[in-house]
Amino acid sequence: MMKKKLARYGFLFLLPGLAGFLIFILIPVGVTVFYAAVDGSGGFALFSNVAGLFGSEAFLCALKNTALYLAAGSGLSILCALILALLLFRSMQHFPRAVAAVRGLYLTPLVAPSGVCVLFAHMLFAKGGLIGRWGMAEVDFLRTQPYTFWVLVFIYIYKNTGYFTVIFLLAFAGIRKEIYEAARCDGAGGFMLSWKIMLPQIVPSLFFVIIMSIVNVFKMSRESWLLFGDYPNISAYMFQNFIKNNLDSAQYGRAAAASLVLLAAFSALVFFMILLSERRDFSDA
């Protein structure tokens, strides 16, 4: 009797989350599948809609740019976060107060409004901005390819590196002190300690950061739109631009099909990362 009562209470606690999942995820995905699968006359057109996308130059350009942005933005931000976390973790042992004083700065870019990031980018990269005043050529980096693409990459790194750094710092702090001491007794120096001991110990956290970095790539549409509008130059034309422009022109079937392609690619990538992480855990066991 008590178990049934507890199960009932547990279901009540789960109910708000399940309702939110149903309203904000399952139903929108179902509506998207419907629009992608039905043409104007009500016939089944899912495969023709998806196949038509791969014949579109705009879609292929958006797909290529998004893949490059994912690789460059995620890769560089994770690399910067790892290096920064290693430096800060080492500094904590010698200058704990100084590191604690700047700890709040890690997450500031992440919680900063999109308008602040865009204003910062304008101050740096617009024609006549700070970079131009430091002696570089008079170039509008926000309107000239391929600089536009790298401006977006810079904003992504600026917004996410601090968040990833905090995760890596927590992972480093979770490594047992006995492991460090044993490595030092075996003669491991600073580089070998980082490469052979610290990095292998934080692989689960690294997989989590990679997945979050993939998710965050698709959250940069606001910054892109505020910087470049609906039609940026070809180097910064992303998947989100393609979907929004098709929605604005009432091509709902095409936009829905593109959304399904994005969902399938994103799900496959995340599933691959989770599978890789589980295989590594199984082999370690």
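Q: So buried means under 20% relative accessible area, exposed over 50%, partly exposed in between (1.4 Å probe, protein chains only); what kind of model is this?
A: It's a predicted model, where local features need pLDDT of at least 70, side-chain atom pairs count only at pLDDT 80 or more, and totals for chains, interfaces and linings use all residues. Numbering runs from 1 along each chain as its sequence is written, and side-chain values use heavy atoms, leaving out hydrogens and water.

Q: Okay, aromatics. How many aromatic pairs are there?
A: There are 15. Rings of Phe, Tyr and Trp (its six-membered ring) pair if their centres lie within 6.5 Å; planes under 30 degrees apart count as stacked, over 60 as edge-to-face, and the rest as tilted.

Q: Why is the pair Phe59 and Phe242 called edge-to-face?
A: Their planes sit at 65°, with the ring centres 5.5 Å apart, so it counts as edge-to-face. This pair links distant parts of the chain, with Phe59 in helix H3 (residues 57-94) and Phe242 in helix H13, 183 residues apart. Helices here are DSSP runs (H or I, at least four residues), numbered from the N terminus.

Q: Is Phe59 buried or exposed?
A: Buried, at a relative accessible area of 1%. Phe242 counts as buried too, at 1% relative accessibility.

Q: What else is buried in H13?
A: H13 covers residues 239-248, and its buried residues include Asn241, Ile243, Asn245 and Asn246. Just after H13, Ala250 takes a positive phi of about 65°.

Q: New topic: what's the volume of the largest pocket?
A: About 530 Å³. A pocket is found on a 1 Å grid over the protein atoms alone, as an open set of points with protein on both sides within 12 Å along at least five of seven lines, and lining residues have an atom within 4 Å of a point. The volume is the space filled by probe spheres set on the points, which are joined across faces, edges and corners.

Technical notes. Helix = DSSP H or I, 4+ residues; strand = E, 2+ residues; numbered from the N terminus. 1 Å grid on protein atoms, 1.4 Å probe; cavity = no way out; pocket = protein on both sides within 12 Å on 5 of 7 lines; lining within 4 Å.
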